Amino acid sequence: MKLLKTIVIFAALFSQFTMNAQSQPVKNYESAWKRVEDFVKKNLPRSASAEVKKIYELAKKENQDAQVIKSLVYLSFLQSENREDNQAASISEFEKELALSKEPVRSILKSLLAEMYWNYYQQNRWGLYNRTKTTSFKKEDMATWGADDFHQKVGALYLSSLQAEVTLQKTRLEPFDAIIVKGNMRHLRPTLFDLLAHRALQYFENDERDISKPAYAFEIDQASAFDPAADFVHRIFPNRDSSSLQYQALLVYQKLISFHLNDPRPDALIDADLKRLEFVRQKSVHPDKDQLYYNSINHVAHQYNELPAAAQAWYLVAEYYNRQADEYKPYEDTTHRYKRLKAKEICEKILQQKDSSEGRVNCYNLLRQIENETLQFSLEKVNLPGQPFRALVGYRNFNKLYLRIIKPDESLKKQLEDQYSEKYWPTILAAKPLRSWTQTLPETGDLQLHHAEIKIDALTPGEYLLIAGT
């Protein structure tokens, strides 16, 4: 099972990679890879590795760069079954391959190496944070490195993977469909530069390094980080902290957005820009960051309006309104009481689009959440016999409540001892009620959760079940 899992991991990883079109025809070595997969299914990693090594040698001889990288990644996973300290050994093998490679293969290998170092670090990080920089340090032996050493290495590799900017931006994906797991969003990652940049951002957007940040650590405190794309790419963010991951993320976003500013089709630009705005909102320390974020996503939504690519921007605006609606407090702060209606209106409009998009799917899910019926119900465990008593109902998106009272006999009590039984609720609902009625609740029209007290008529002494539902 572990071997099969590694192949799935590999496929997901490799869906992100491609190379420039080569002068010679692209070869996929389908029959050879079929033999590898047959050995994997039989749980024979050594035999599978031997076949992959043959593919690697042939790919090197025939200058099939995609197959060379595929072989290296495959070998790394296969040998994890039977090679001690496989992570370190695989990193060493990739380093050797990097030294012999040319662009754009070099950039891909650097990105892969960065991920491999990062994975090694994550699996060993708790021990690393307790290690000082100088303790038994050997540059060539990463087992002696501290946390900062790994961050420096990983960050440098990801940045270096984007240095051949012009070459990477001209490297299309189509010639290498044979080794790409296809999705329906190819237009959002049209070049190798896009794929490598987004891989780098996955690292630079994390908070891991902030555990040991300096007193002068970089912070996103400028309103200009929320500027429209065409202005953002020219902004300068003063920084004394060369180790800041957030700062590097801003620089990568500037390169990525600048690359797509004049695209005839704005999909990749909108995607990168919205991710930038969400990142900045999450990390910014500016006191008005929520309003700045709203202004920015609202600008993108209106700028591209009915284009399917803008659906995600409209979704983010709707999500913003929905979050504001959560701040509504009856009898206190009613400012945002009706904001959920605005979110609903946006989602319904986006769902009228015929083209499928991430934003349309997100709007569908948000609308279901907004329209979902909610019922909360509670009452005192002990009430006075012979007198009416109250129940507190919390309700949203309905105005009629159905109630029934059941007086359980000893047989029913016995059946209900296990609250986690699948028969628990069917048993209750099948029981003959002592009384049943409906209760109309006040209409609100705001899609908010409201509370109301309802009257329960007097009961004689005893134990009862009160059942409520929509």
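What percentage of the 470 residues in the protein is buried? Buried residues make up 45% of them. The model shown is predicted.

**Figure 1. Overview of the fold.** The protein has 18 helices and six strands. Of the contacts with a separation of 6 or more, 69% join residues 24 or more positions apart. The whole structure holds 25 salt bridges.

**Figure 2. Helix H12 packs against helix H14.** H12 spans residues 267-283 and H14 spans residues 311-325. Their axes come within 11 Å and cross at roughly 25°. Angles under 35 degrees count as roughly parallel. H12 and H14 are therefore roughly parallel to each other. H12 contributes Leu274, Glu278 and Arg281 to the contact. H14 contributes Gln312, Ala313, Leu316 and Arg323. By type, the residues of this contact are three nonpolar, one polar and three charged.

**Figure 3. Arg281 pairs with Asp290.** Arg281, one of the H12 residues in the contact with H14, also forms a salt bridge with Asp290. The closest N and O atoms are 3.5 Å apart. Arg281 is partly exposed, at 23% relative accessible area. Asp290 is also partly exposed, at 36%.

Figure 4. The side chains of Lys255 and Glu165 meet at 3.9 Å, N to O. Lys255 lies in H11 (residues 245-260) and Glu165 in H8 (residues 165-169). The two residues are 90 apart in the chain, so this pair links distant parts of it. Lys255 is partly exposed, with a relative accessible area of 37%. Glu165 is partly exposed too, at 26%.

Figure 5. Glu410 and Lys413 pair here, with their closest N and O atoms 3.5 Å apart. Both residues lie in H17 (residues 410-415). They sit three residues apart, about one turn of the helix. Glu410 is exposed, at 59% relative accessible area. Lys413 is partly exposed, at 29%.

**Figure 6. Lys110 is buried without a salt bridge.** Lys110 is found in helix H6 (residues 105-129). It is buried, yet has no salt bridge. The nearest side chain of opposite charge is Glu103, 4.6 Å away. A salt bridge needs a nitrogen within 4 Å of a carboxyl oxygen. Beyond residues up to four places away in sequence, Lys110 touches Leu98, Leu157, Ser160 and Ser161.

**Figure 7. A salt-bridge network.** Salt bridges link Arg35, Glu51 and Lys54 in a network.

Key:
Residues are numbered from 1 along each chain as its sequence is written. This is a predicted model: local features need pLDDT of at least 70, side-chain atom pairs count only at pLDDT 80 or more; totals for chains, interfaces and linings use all residues. Side-chain values use heavy atoms; hydrogens and water are left out. Axes are lines fitted to C-alpha atoms, for helices over the stretch in contact, and angles run from 0 to 180 degrees between N-to-C directions. Helices (H or I, at least four residues) and strands (E, at least two) are DSSP runs, numbered from the N terminus. Angles under 35 degrees count as roughly parallel, over 145 as roughly antiparallel, 65 to 115 as roughly perpendicular and the rest as oblique. Contact means heavy atoms within 4.5 Å. Ala, Val, Leu, Ile, Met, Phe, Trp, Tyr, Cys and Pro count as nonpolar, Asp, Glu, Lys and Arg as charged, and the others, Gly among them, as polar. Buried means under 20% relative accessible area, exposed over 50%, partly exposed in between (1.4 Å probe, protein chains only). Lys and Arg count as positive and Asp and Glu as negative; His and the chain ends are not counted.
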